[in-house]
Amino acid sequence: MMPTLVRRGAILFAIAFVTPFVLAAQAATGTVSGRITDASIGRGLPDVQVTIAGTRIGAITGSNGEYTLVGVPVGSRTITARRIGYQATTRTVDVVSGATATADVALNVSAVNLSEVVVTGTGTATEKRKVGTSIATVDSAIISRAQAVTVDQAMQGKIPGAQITQNSGSPGGGGISVRLRGVNSFISGSDPLYIVDGVIVDNQSGQLADLGIRSNPQNRLADLNPSDIEHIEIIRGAAAAALYGSRANNGVVQIFTKRGNLGRPHFTATTRWATSELREQQPFNFYPFDVNGLPSARFNYQDDIFHRAPSWEQNLNVEGGNDQTRYFISGNFANEDGIMRSTSSRRSGARINLQQQLSPKLVANVTSNYISTNNQLQAFGEQNDYGIMGSLFFAPTNVDFRPVNGIYPLPPALGTNPLLAIARIRNPQTVERFIGSTKFTWTPISNLLFDYTIGLDNVGFEQRQFVPRNAVLGTAPLVTGRSQSVFQNNRVINQDGVTSYTWGTPGSLDMRTTGGFNYTAQRVRLTQASANGLAPVGELVSAGSVFSAAQTDVQLRTLGFYGQQEVGWADKLFLAAAVRYDASSTFAPSERWQAFPKFSASYVALDSRPGAINSLRVRSAIGWAGSQPGVLNAYSQFISYTQLPFAGRPGFVNDVTFGNPDLKNERAREWELGADAGFLNGRVSAEATYYDRVVSDLLFFRPLPTSTGFSRQFFPIGSMSNKGIELMVRTTNLDRPNLSWSSTVTYSHNKNLVDSLTILDFQSAGGYPNRIRTGEPAGVFYGSYAARNCLTGEFLVDSLGRYRRSNQTADMGNAAQRVAISGGNCNDSLNHVIGDPNPKWMGSFMNEITIAKKLRLRALLDGVFGNKIMNLSTRAQNAGIASNSKTYERELLPYGDPRKLPPTWNSRTQGIFEYWIEDGTFVKLRELSASYTLSGLGVQRVFRDGVDLTLSGRNLYVWTDYSGYDPEINLFGTNAGGLQSVQTTAADRGFDFGGYPIPRIWSLSARVSF
């Protein structure tokens, strides 16, 4: 059915290309060129959008602000220059056939810009003033000034409503997760849909080998080079994302890379050197006596595990072209050592973007990006057999792990020697990725547009693992050594066609009709081979004696069509209505096709008026979007079977999951209302948005009676809502020839609630005390607590002064005794809600100062407030087998010391999960930088734009009461479910358990152009 529809769609699109419009006469044309500069400092501005009014002709300025527009119809023409952070400016120019007209434009800094052009969620390029939804944009200047390793790192603290979290400090960017407007699905992860130059890319970051079970060391957005990015557009809700149908419940992030500019080849080279370090050490038990009061040597292995790690990065790009061809070519190499010894990331990549004018009416754009990444990783998080962090937290500090005659001693009770893991355990990872697209844009007449894009994202992902013999404790096969090799190929192909027609309506009425289709095919193939019982000198799988292998092949298909009608009146009121009708192969045939409508309105009450209030726009929208199961649950509509060979013969049994023949997508309805305003002649702007989202038919596993032969079924289990406010204020505090100062403040508040469940509330992360409960935020901490006196609120303690555990009969007695001990019924439940990992609000504060047109200072503070963290790392330290926490020192103090704790006081807290809940509020100095431009005559003879030197820091300081390494760390990483994980949801947040600490980074960079 789907291939037939695709063929029909392609035929219809091809027919459109051979319509009589090809016979239209070609008018005489000329060329317009010029330079766009910053009015306050006179420096050329890169990445400015320059367009010709009434046409689809446009260009992006190069690094020195120059641009060229070809094929401009003769006569008097109006050009418009737009850039984020500047007031859009127009100029009139007379174009003569065959000649070049010059139009230089100086842009003034402005905190508000309603004329900025966006394409995400609108079908085709549209001014923001005409869009009824909130669309955030981040341009190349903001990205480059962030001095970030990855694109998502560069967005941290800049987008209201986006919770961008660095879940770990592993090299290559760490496991960054992006959550827009709260938790919206349990099974589809939290990350939005990513599109790069029209290519739908897969950002999944599940593990291929056990590097921490559900902990995720890196995501695949780390493959992109931030220096290649021109700008990013973010839509945060279903009201804006309806055109993307059943994949857009979590929002959409569209990334546009640089296209190049006309003129002679222009080279830009950037070199960056950096050093990373552990921000601060975790406290351990270093008390010099044991429990019997005898002297005891203590060892701090954090100095042996962590070190100051160097890194460097080199970028070189060249851009140029003529009136027919434009190009942007770049290459980069990055080499980053992790602060944990034996971890590193090496990334190299190349990009070629070409634009070719095939005819005055037909333009082709080709983008190609090849990336090769080699990582050396170590297990952390939940991996306690050979994970370094788990071994550190569970090992007593009185054990000497240093090797003796080349042999590393093992710990007394659990895991491995962390020094052995650093020296001998290897987890190399290789990623070969190609992202490319071809796009044809045909404008047979000025008000008719045809676009066709085909994109490819192909990822070859190889994960190897080597654990030598006798490297871990126990009797499991892992003791005999393990060698593993896993290869995954993930290929996504998408085709998109768009047709847009602008009607020639009389008077003040404007109308545009847009239609299009999208077809996406994804195939994920995995082959795994592993062996135990390794030979003493072997590291390959073939060196083993007990072998296992597995292979999977998963295919997904999505097909969608959409139409949109826009109406504008008097350039003030703008209305839009659209619907997408799509189908996914993951859903049952009877539920496969779904419609996702949206409606929006925008009213510009004031625009570019002088005085105290310069501009005012109100907007509102309502829309529907969906989400579909990922690779792990791609075939949940069917009963699946598992291989069970017997006596060397093949056999199969049904899986424990019963297929759902009526499976349908999750569906989100979102309504938003907002306003944008400018004050004091563009010096102040404010954006405010309120949203109300309800997600129905939430998919998860409902339990089934074992008499059915199954234990669960993938099924709609309930509904969930997110309501919140997003605010952004930009100010131009000073704008003088030799001094400018601007500020940006963001505020986000989101309230998440599980509205209904058709099953009993359940533990969302298997083995952890959190819960999905009706009437509570998703993923709340739910577990045992320290009992209190119902009248005074004081903790109840036993005869030794230890807390009484709520869920232990030995502490609380039977029901009658519980009431008597408590003085009431406040401790009746064995467990209750003990904290919420979801923040009450998030905010950021950024300041940028330019002095004497050469020195630029920048600082970004961002923070998360009101969330709770469960510190399971310190809980592991308090376990009896470890007894290495700082608190445990107090048990070792001599009697008579007022600080002494009774024996087993710390081990008693193991059974009180409430005890490990801490305030996760933090404010972080995320970015701090100083840039200076060397521009003397001697320098400019070689480098015409001078030399830009930047000293920057990242994650420099954290203000927090949290006692762990970093309150931003999150055990479950970036997605829902990792290797062999079926009981994890996107709601699982706020756990700190053996995470890779986030480092403090200082860097120095130099940038030259010639």
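# Buried charges and their partners

Q: Is R220 buried or exposed?
A: R220 has a relative accessible area of 5%. The model is predicted: local features need pLDDT of at least 70, side-chain atom pairs count only at pLDDT 80 or more, and totals for chains, interfaces and linings use all residues. Residues are numbered from 1 along each chain as its sequence is written, and side-chain values use heavy atoms, leaving out hydrogens and water. Buried means under 20% relative accessible area, exposed over 50% and partly exposed in between (1.4 Å probe, protein chains only), so R220 is buried.

Q: Which residue forms a salt bridge with R220?
A: A salt bridge needs a side-chain nitrogen of Lys or Arg within 4 Å of a carboxyl oxygen of Asp or Glu. Here the closest N and O atoms are 2.9 Å apart.

Q: Where does D966, the salt-bridge partner of K924, lie?
A: The side chains of K924 and D966 meet at 3.1 Å, N to O. Both residues are buried. K924 lies in strand β45, whereas D966 is in the loop between β47 and β48.

Q: Which side chain makes a polar contact with the side chain of R512?
A: R512 is buried, at 11% relative accessible area. Its polar contact spans 2.8 Å. The partner is E566.

Definitions and conventions: A polar contact is a pair of N or O atoms within 3.5 Å; within protein, one must be able to donate a hydrogen and the other to accept it, and residues adjacent in sequence count only if both atoms are side-chain atoms. Helices (H or I, at least four residues) and strands (E, at least two) are DSSP runs, numbered from the N terminus.
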